[in-house]
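Here is a short report on one model.

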Amino acid sequence: MKTLITVLAMGILTACSGGTRGYNTGYSDGFTIGYNTACNIRLVRISGHFDSLAYGSGYEMGLMRGEAECLLGKQALNN
C-alpha cells in the first residue's frame, strides 16, 4: 500500500511539473519576445505552450523583464 501511494504521488508531481512546458520555458520565451519587440528585433519562434499554467506565468514574467531589459539598454546607450 505504501508503495502504491508513493508511485501515485510521484506520478501526480511529474504531471503537475509541466515538463518542457514549464515556467522556465515560458519565462525564456516571454523574455525573448519582450526584448525583441521592445528593441525592434526580428521575430523568433517560441514554444507557445499556453495550455500550461506554469508556462503562461513564466511567459508573462519573462515578457515584462525582457521589455524592461531592452529599455534599460537603450537608456544606457543614450546617457
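Buried means under 20% relative accessible area, exposed means over 50%, and partly exposed lies in between. Cys70 has a relative accessible area of 1%, so Cys70 is buried.

**Confidence**

The mean pLDDT of the protein chain is 80. Of its residues, 73% reach 70 or more. Confidence is lowest in helix 1 (residues 2–16), with a mean of 46. It is highest in helix 2, at 94. Over residues 6–15 the pLDDT is below 50. Beyond near neighbours in sequence, that stretch has zero contacts in the model. Where pLDDT is low, the predicted coordinates should not be read in detail.

**Helix 2**

Helix 2 runs over residues 23–38, 16 residues in total. At 1.5 Å a residue it should span 22 Å. Its end C-alpha atoms are 22 Å apart, which agrees. Which residues of helix 2 are buried? They are Gly26, Asp29, Gly30, Ile33, Gly34 and Asn36. Helix 3 (53–78) is included in what covers them. Helix 2 is followed by Asn40, whose phi is positive, near 55°.

| Residue | Relative accessible area | Class |
|---|---|---|
| Asn36 | 11% | buried |
| Ile46 | 29% | partly exposed |
| Cys70 | 1% | buried |

Asn36 sits in helix 2. Residues up to four places away in sequence aside, Asn36 touches Ile41, Arg42 and Val44.

Ile46 lies in the loop between helix 2 and helix 3. Leaving aside neighbours within four places in sequence, Ile46 contacts Asp29, Ile33, Tyr55 and Tyr59. Two of these partners, Asp29 and Ile33, are among the buried residues of helix 2. Ile46 and Ser28 are 18 residues apart in sequence. In space their C-alpha atoms are 8.8 Å apart.

**The disulfide**

How many disulfides does the structure hold? It holds one. Cys39 is joined to Cys70, with an S to S distance of 1.7 Å. The torsion about the S-S bond is about 125°, so the disulfide is right-handed. Cys39 lies in the loop between helix 2 and helix 3, and Cys70 in helix 3, so the pair ties together parts that are 31 residues apart in sequence.

Technical notes. Residues are numbered from 1 along each chain as its sequence is written. This is a predicted model: local features need pLDDT of at least 70, side-chain atom pairs count only at pLDDT 80 or more; totals for chains, interfaces and linings use all residues. Side-chain values use heavy atoms; hydrogens and water are left out. Helices (H or I, at least four residues) and strands (E, at least two) are DSSP runs, numbered from the N terminus. The expected span of a helix is 1.5 Å times one less than its number of residues. Buried means under 20% relative accessible area, exposed over 50%, partly exposed in between (1.4 Å probe, protein chains only). Contact means heavy atoms within 4.5 Å. pLDDT is the predictor's confidence in each residue, from 0 to 100. A disulfide is a pair of cysteine sulfur atoms within 2.5 Å.
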